[in-house]
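Subject: Structure for your review

Dear colleague,

Please find below the structure that I am handing over to you, followed by an account of what was found in it.

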Amino acid sequence: MTGALLETFDVTRSFAVGAGIFSQKQMLKAVNGVSLRVNKGDVLGLVGESGCGKSTLALMLLGLLPASSGSILFDGKPVSHLPRLELARRIQPIFQDPYSSLNPRKSIGDIISLPLRVHGASTAAERQRKVDEIMELVGLPQRYITNYPSQLSGGQRQRVAIARALIMRPEIVICDEPTSALDVSVQSQILNLLMDLRQELGLTYILISHNLAIVEHIATRVSVMYLGRIVEEKETEALFRRAEHPYTQALLASVLTPEPGLGIPDAQLGVEFPNPMDPPAGCTFHPRCPHAAVVCSRKAPRPVPRGTAGFTECHIYDEAESVSFKSAAA
Amino acid sequence: MSALLEVKNLNVDIPLAAGILHPVQDLTFSVDKGQTLCIVGESGCGKSLTSLALMDLLPKKAVRTGTSILFDGEDLLKKSDRQMADLRGNRVGMIFQEPMTSLNPSFTIGNQMEEMMLRHRRVSRNEARERATYLLQKVGIVGAERRLKQYPHQLSGGLRQRVMIAMTLMCGPDLIIADEPTTALDVTIQAQILLLLAELQREFGMALILITHDLGIVARVADRLAVMYAGQIVEQGNVEDVFGEPLHPYTRGLLSCIPVPGKTERGAHLGSIPGIVPSMIGDIEGCHFRDRCPHAWMDCAKGGVDLRALDQLRAYRCLMSPSDSVARATELEMAE
Amino acid sequence: MAPSDKAIATDGAGVATARMPSIETVMQPNAATMLARRILGHRSFMVAAIIMAGLILTAIFAPLLAPHDPLDQVLIRRLIPPIWAEKGQWEHLLGTDMMGRDYLSRMIYGARVSLLIGFCAMMISGVLGTVMGVCAGYFGGRVDMVITFLLTTRLTLPVVMVSLALVAVVGGSLQTVIIILGCLLWDRFTVVMRSATMQVRSLDYVRAASAIGCSTRRIIFSEILPNILGSLLVIATFEIAHAVLLEAALSFLGLGVQPPTPSWGLMVSEGKDYMLFEPYLVMLPGLAIFTLVLAINLLGDGARDIFAPENRN
């Protein structure tokens, strides 16, 4: 069952910011040289803070945004060469906010059946059958079919969004913060549903989230992004057992688990978040890194393979630079 | 320790076309000097309106009633608008979720911080500036002098929230009410801001009412907590007690919904609370949680359910006795 | 238990509705009922709607309602005052003008001209402006730059001056006035449709539609347009009022609809020489213009409250 379903090689995406007739163009590198590999059946957790480029990466994987450079392969074929409808059938998104992801002027039935109509492969009766089937699968009562999104609660709306994404039976679902707009009690229902559907339909997920507790619970692999780059990638267990990159360590330390008495962690990060328009030289994390050495501000680190099928992009673990970090590594 | 703020039977009613909305009902709690109380609940449970009601900042239509809101011995319910305005920003500071909405975009940070102090205290502008500089350093902002001359939009979200905190400290308040102060921030920044708040609180001996939906924050920050559901406090007590042995089915449900790394089995089903919050328009007969409660039975639908006090701090709103409640919960777990 | 069953079992609504009747009170009633309730509850909108309906019916059934031919001149019966005046005659309820034409009939036919010009000019400018605005908002970049440039150019032209000049060159007639106004009044459509489209475009459901593989045409027509229809309706009403006023002004200046066609603006103009002796000649058509424009504007205000409350202010 192995084999990469989705692969990216050194993908970069830049945006021109503040471009006008009179102002100078500035380039913002939202995604800067990302190489990913998602195997069939994986749940890849993509973790990072706002502005790290994870949503931009998701749009590129969906084929909604062309990459500035690098290549994205879906099942061995470049995404940019795949017919739009084929790509749409095989990879689908679920968005964060179920209040803006459903067209308020359409009924639930119309929303869920839209993919079927766009792909135009079935008769009305068949469409109806498929809609009924998927609604049952995601736990939506049939009677909602004529309702409008405004009449549903947040959790029910998210179920509609999931039904719409799954009705064409895609292979990969990209979930962009699927539960962060929901209440705690609804959040767990949606997570349970996503886990059940994965088993039942053999789905592969890319789960974008800033909530590390959720990622740890569901993901099989985790990639940590910082300022457009993946700084560490590992099997979930390995990553949460022993995070290596100082940024990952800080992220993990900042998670507030509901355990009283542990106090508030001090991640020891600097106050200033770097300006993404003008990222720091060398390792982009060095101004906030507690272990930063001289080399970090001069030279960008390269990905250092760690363990089985994992890497950390940090000078500390690079043999060639180990001299600079005698104290830190100890 | 004496209570700094003591709220008794606070109600908020909002008349709507469809009937009267009761977003806050029969709220009773207290905060001691230097202590942290977390009010936790899901969206629409009335937690934010509670904070507005305390400071008399409710929308015009809303009606606030209650026995008393004693702040340092004085009843806030009996104060005039003028007296309340003197209190706000002076003895009680408020921090909101989105600092951008509480900072004026057309004035510099320095200007706003100084004004805050000049409004309430007899000090010169220079003294006010000195305090502003001191506090900005205190909240961990490098180059305070330069920052004072900047406008809110020139700062990042985390920095703005720091400025907001420094601003509420200008007059040395006794109490800070913070409504979801870190929800709009990233995880690492969130931890930093909470740490900062806790340190400042200890240093200045302030009491803190923190309103949040995040049980992780509650566990780490609070001394005491009050869990709200559908306008009512359903459980309150010391944070260790409530997390250690939750007595209300809702509290228990909430705690089972979040995965705890190392404790929840990876990939296992998370707990959930089926159903949705009842409408708070008009009166609800019986327990507000009964439609979603796994233990509900006939008696739960009759009359109102009162808050049962176990001791001075611990109370919960359920018909089951503490031992019953725990036993039923274990039973349910076993069944799964 | 199969996973799918479990999904249903853990579902909030599925379980809750089985034993919780109170859920229905949380749910909003059907969208159409809600809309109807909001429309009927809006008093000024209802008043305006009744006035408008009256005026539109009058315009449509003018030949049936008008007691006389509006062009029929009977010079011996000129300047008969309306019936509430001392010398009023039942045959001419609103009197006659200086040519002896029945004023009521002229007023009734005048409604036709005003509404026709207002509606047609709005349609032309609406189509022009919406196409431009939606394109600018949806495609952005170069397209947006070009359209924004056109828009700024248009905004630098004083509408009355330009239409006066054009009419003076081409010669006034109903068709010319409609076309000229239609080509000049698209600016507000473009401005509003552009920003509304940009707003909707960035929403996740549009993104979801493109991820499904919808064509651009489908996205614009079925995802974007239905959601900006409310704002479109609001501007459309205001632009009708705008066109009606401009027509009146042009006709008053003698460059709009040409005599003897009955147009309210023209009637004011013709009556102005007799204003001091027979004030009704000016007041009646003036009042008609006032009522029509007021009704349209109230309708627009109400429509904004009802369909696009977010655009208030």
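**Helix packing in chain A**

Helix 3 of chain A passes helix 4 of chain A in a right-handed crossing (a crossing is right-handed if the near helix is turned clockwise from the far one by less than a right angle, and left-handed if anticlockwise). This is a predicted model, in which local features need pLDDT of at least 70 and side-chain atom pairs count only at pLDDT 80 or more, while totals for chains, interfaces and linings use all residues. Residues are numbered from 1 along each chain as its sequence is written, and chains are lettered from A and ligands numbered from 1 in the order in which they are written. Helices (H or I, at least four residues) and strands (E, at least two) are DSSP runs, numbered from the N terminus.

The axes of helix 3 (residues 108–119) and helix 4 (residues 124–137) of chain A come within 10 Å and cross at roughly 115°; axes are lines fitted to C-alpha atoms, for helices over the stretch in contact, and angles run from 0 to 180 degrees between N-to-C directions. Helix 3 of chain A contributes A:G109, A:I112, A:S113 and A:L116 to the contact, and helix 4 of chain A contributes A:R127, A:K130, A:V131, A:I134 and A:M135 (two residues are in contact if their C-beta atoms, placed from the backbone, lie within 7 Å). This contact has five nonpolar, two polar and two charged residues, where Ala, Val, Leu, Ile, Met, Phe, Trp, Tyr, Cys and Pro count as nonpolar, Asp, Glu, Lys and Arg as charged, and the others, Gly among them, as polar.

**Domains of chain A**

Chain A is divided into domain 1 (4–241) and domain 2 (252–330), with bounds from an automatic or database domain assignment. Their C-alpha centres lie 29 Å apart. The contact between them takes 15 residues from domain 1 of chain A and 14 residues from domain 2 of chain A. On the side of domain 1, strand 10 of chain A gives the most, with six residues.

**Chains A and B**

The contact between these chains takes 43 residues from chain B and 38 residues from chain A. Helix 8 of chain B gives the most to the side of chain B that touches chain A, with eight residues. That side has 23 nonpolar, 15 polar and five charged residues.

Helix 9 (residues 246–254) of chain A packs against helix 8 of chain B at an angle of about 55°, with their axes 8 Å apart. The two helices are therefore oblique to each other (angles under 35 degrees count as roughly parallel, over 145 as roughly antiparallel, 65 to 115 as roughly perpendicular and the rest as oblique). Their crossing is left-handed. In it, A:A250, A:L251 and A:S254 meet B:V187, B:T188, B:Q190 and B:A191.

**Chain C and confidence**

Helix 14 (residues 264–271) and helix 15 (residues 280–307) of chain C pack at an angle of about 155°, with their axes 8 Å apart. That makes helix 14 of chain C roughly antiparallel to helix 15 of chain C. Their crossing is left-handed.

The mean pLDDT of chain C is 80, and 88% of its residues reach 70 or more; pLDDT is the predictor's confidence in each residue, from 0 to 100. Over residues 1–28 of chain C the pLDDT is below 50. Where pLDDT is low, the predicted coordinates should not be read in detail. For the complex, the predictor gives an ipTM of 0.84 and a pTM of 0.83.

Yours sincerely
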